[in-house]
Amino acid sequence: MLDAARMKEGLREHARGLGAAASEAGPATRVPTCPDWTLRELVGHVGQTHRWATGLVRTGGTEVPDELPRTPPDSPADWPGWLSDGAEELIAAFDARPDAPVEHPFFGTWQAVRWLRRMANETVVHHADAALAAGTPFAVAPDLAGDVITEFLGLLTSPAAAVQKPELAELRGSGETLSLRPAEPSLQGWLITRTPEGPVWEHGAPDADMTADGPVRDLLLVFARRLAPADAAEVKVTGDASLLDHWLARTAV
């Protein structure tokens with residue numbers, strides 16, 4: 001896990017980037033990777049989520065308001081500032097209670113830093129959504145992209161996830177392996193094994209039944225279902241590609 005200072009940087013950077021990308025297209029622009037949303041709705045969701053997490057961190061998860069702003073400012077030009085304000089509120093709440101336990105609605109007790117991480121990583125992915133919808137470039141630093149994948153695998157393989165998403169039971173297996181091998185030498189990669197009890201993962205990227213090689217940005221977009229494997233020109237899939245298709249079909253979030 002990245003340190004808190006790096007998470008804050010990532011949250012700030014991608015809140016700004018999301019707002020900038022979204023404001024370049026019309027508010028009614030559909031978001032292909034979130035098919036039920038427009039860009040206005042995407043921005044509203046992220047701004048509301050930042051403020052919801054802020055309430056959890058401030059109260060320990062016990063007194064979060066039911067009503068939080070989900071409607072962004074009328075002018076798209078004001079969206080970057082509105083998103084940045086929400087990110088700063090969360091950072092201030094974390095700085096005030098950095099070691100505080102916070103009750104998660106589904107995952108039990110988290111430390112406040114895990115909320116900072118969750119919001120930074122969610123903002124990275126939704127920045128990608130906005131950029132893809134607006135047709136603008138999307139860039140993410142390798143360490144941030146790698147942490148998004150690491151956190152996602154940790155959440156997906158937790159016991160609580162199986163309770164919330166019964167379809168994850170279909171990821172059980174008999175030892176099939178999937179390997180994500182980033183091009184960046186600073187990253188370790190990820191190896192997923194489908195066991196009879198459910199998927200487990202570890203760092204490392206040996207050859208596997210299915211191996212995906214490529215820049216971590218593109219591995220993230222594929223694994224987060226933001227880019228189809230066939231459309232990821234820099235990702236090379238070897239071995240049994242049906243294992244990747246099966247995984248992606250059951251891990252929609």
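The model is predicted, so local features need pLDDT of at least 70 and side-chain atom pairs count only at pLDDT 80 or more, while totals for chains, interfaces and linings use all residues. Residues are numbered from 1 along each chain as its sequence is written, and side-chain values use heavy atoms, with hydrogens and water left out.

Helices (H or I, at least four residues) and strands (E, at least two) are DSSP runs, numbered from the N terminus. Helix α2 comprises residues 39-59 and reaches 30 Å from its first C-alpha to its last, close to the 30 Å expected for its 21 residues; the expected span is 1.5 Å times one less than the number of residues. Of these 21 residues, 15 are buried, so α2 is largely enclosed by the rest of the structure. Here buried means under 20% relative accessible area, exposed over 50%, and partly exposed in between (1.4 Å probe, protein chains only). After α2 comes G60, whose phi is positive, near 80°.

Two loop residues may be considered next. P76 lies in the loop between α2 and α3 and is buried, with a relative accessible area of 18%. Residues up to four places away in sequence aside, P76 touches S23 and P27. T136, in the loop between α4 and α5 (142-156), is buried, with a relative accessible area of 18%. Leaving aside neighbours within four places in sequence, T136 is in contact with A21, E24 and A131.

The sheet is open and mixed in its pairing, with five strands in the order β5-β4-β3-β6-β7. At its edges are β5 (198-203) and β7 (236-239), each pairing on one side only; two strands pair if DSSP finds at least two bridges between them. The twist averages 15° from one strand to the next. Strand β6 (residues 210-214) pairs with β7 in the antiparallel sense over four bridges, and A212 stands opposite V237 in β7.

Two helices lie across this sheet. Helix α5 lies across β3 (176-182), β4 (190-195) and β5, running at about 15° to β4. Helix α8 (residues 241-249) lies across β3, β4, β5, β6 and β7, at about 90° to β3. Axes are lines fitted to C-alpha atoms, for helices over the stretch in contact, and angles run from 0 to 180 degrees between N-to-C directions.

Definitions and conventions:
Contact = heavy atoms within 4.5 Å.
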